[in-house]
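Subject: Structure handover, with notes on its cavity and pockets

Hello,

Here is the structure I promised to pass on to you. Please look through it first, and then read the notes that follow it.

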Amino acid sequence: MKISVCVLPGDGIGPEITAQAERVLAAVAERFGHAVEIRRALIGGAAIDAVGVPLPEDTVAACQASSAVLLGAVGGPKWDDLEPALRPEKGLLGIRKALGLFANLRPAVLYSELAASSLLRADIAAQGVDVLVVRELTGGLYFGEPRGEAVVDGERAAFNTMIYRESEIERILRVAFEAARRRRRQVCSVDKANVLEVSRLWREVAARVSQDYPDVELTHMYVDNAAMQLVRAPHAFDVVVTENLFGDILSDEAAAITGSLGMLPSASLGASGPGLFEPIHGSAPDIAGQDVANPLATILSVAMLLRHGLGLEAEAQAVEQAVRTVLGRGLRTRDIATHGATVVGCAQMGEAVLAAL
Ligand code: NAD
């Protein structure tokens with residue numbers, strides 16, 4: 001298969017971590033006999049410095065012409081005082097919009113080797129965590145109209161609108177069911193159907209869509225309960241699917257319980273066209289250029305790119321297995337190091353994953 005990937009290194013540790021991820025991508029492609037073409041483009045502060053805007057048109061075109069996009073991270077103190085429209089984050093929002101990405105997939109995996117970093121009680125961590133949160137990204141309270149401020153009975157008030165169309169609910173549910181088919185075949189749809197009309201429609205559509213996936217079990221859970229169960233019994237979840245606001249909160253909660261920011265990848269998918277794959281952490285300006293950043297979240301984003309972007313499951317598993325092997329050998333970057341571990345730098349960690357592949 002011919003694979004074309006547009007890499008957007010971005011700012012801070014972005015160039016270091018994407019360099020290691022690119023090497024892993026090239027190696028896995030070679031091992032499985034795929035021809036890979038990698039192009040690089042500017043985004044964020046790097047693009048502002050070079051051409052004056054956070055998302056140059058060339059970058060959008062390069063992404064649209066690729067089969068997938070791999071992003072490092074954007075932002076840093078150097079650009080914090082620019083006017084909002086010219087800030088690095090605008091590049092990220094812009095590329096998500098240009099690619100029509102509506103589904104955000106965030107796996108939270110607790111590697112047994114890293115259980116000591118988890119915020120969970122030891123007996124709960126021992127049962128393992130392997131949850132995929134599928135969050136709707138373009139609708140709900142964050143974008144609903146009308147929104148704004150008004151004067152009500154002589155005092156200031158503000159309002160937002162939570163609105164979803166059936167088609168928007170259906171397409172995110174399908175992403176969740178498809179993902180579950182590649183996992184343990186359980187979808188938990190999270191809502192607040194005891195209070196919200198939006199959630200009642202969500203539940204109805206979920207039940208209807210589930211009829212197309214008789215091999216996948218669908219359950220429903222209220223969001224307050226889901227927030228609690230994620231820390232009490234995270235091993236009980238496979239795929240969690242939910243709307244934008246609930247997903248924003250629950251995906252951060254799921255990430256936090258693993259305790260390892262440098263280990264967590266993400267994918268954002270649209271209806272068609274290239275998906276965007278990136279670590280969930282930021283550009284870590286405090287450690288940029290020191291060769292101490294953890295490249296594993298970006299390398300695991302390559303695994304998501306292979307699986308969800310290109311449908312290459314065996315290749316994705318090979319990358320994930322290589323990461324497990326390296327952790328099993330006791331290699332750690334500084335952020336995940338515990339007593340007695342062998343601490344390595346960013347490039348050495350990339351090298352170790354390559355060797356394990
Ligand atoms: P951050 O995720 O960049 O860093 C938080 C802490 O985690 C820092 O101490 C950092 O050193 C550490 N860290 C993060 N990734 C690491 C890695 N791979 N290896 C080792 N340590 C790692 O969050 P922040 O400090 O709040 O933000 C820094 C900049 O990143 C800001 O400009 C912010 O706007 C931007 N940001 C970008 C994205 C993105 O591009 N998607 C996401 C979040 C923040």
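The largest cavity holds about 40 Å³ of space, where a cavity is a set of points, on a 1 Å grid over the protein atoms alone, at which a 1.4 Å probe fits but cannot get out, and a volume is the space filled by probe spheres set on the points, which are joined across faces, edges and corners. This is a predicted model, in which local features need pLDDT of at least 70 and side-chain atom pairs count only at pLDDT 80 or more, while totals for chains, interfaces and linings use all residues. Residues are numbered from 1 along each chain as its sequence is written, and side-chain values use heavy atoms, with hydrogens and water left out.

A pocket, by contrast, is an open set with protein on both sides within 12 Å along at least five of seven lines. The largest pocket holds about 830 Å³, and of its 32 lining residues the closest to its centre are Leu 92, Leu 93, Arg 96, Arg 135 and Leu 137. Domain 1 (1-99 + 274-357) and domain 2 (105-263) both give residues to its lining, so the largest pocket lies between them; the domain bounds come from an automatic or database domain assignment.

The second largest pocket, with about 470 Å³ of space, is lined by 22 residues, and Val 109, Asp 130, Arg 183, Arg 307 and Glu 320 lie nearest its centre. Both domains contribute to that lining as well, so the second largest pocket also lies between them.

Best wishes

Technical notes. On a 1 Å grid over the protein atoms alone, a cavity is a set of points where a 1.4 Å probe fits but cannot get out, and a pocket is an open set with protein on both sides within 12 Å along at least five of seven lines; lining residues have an atom within 4 Å of a point.
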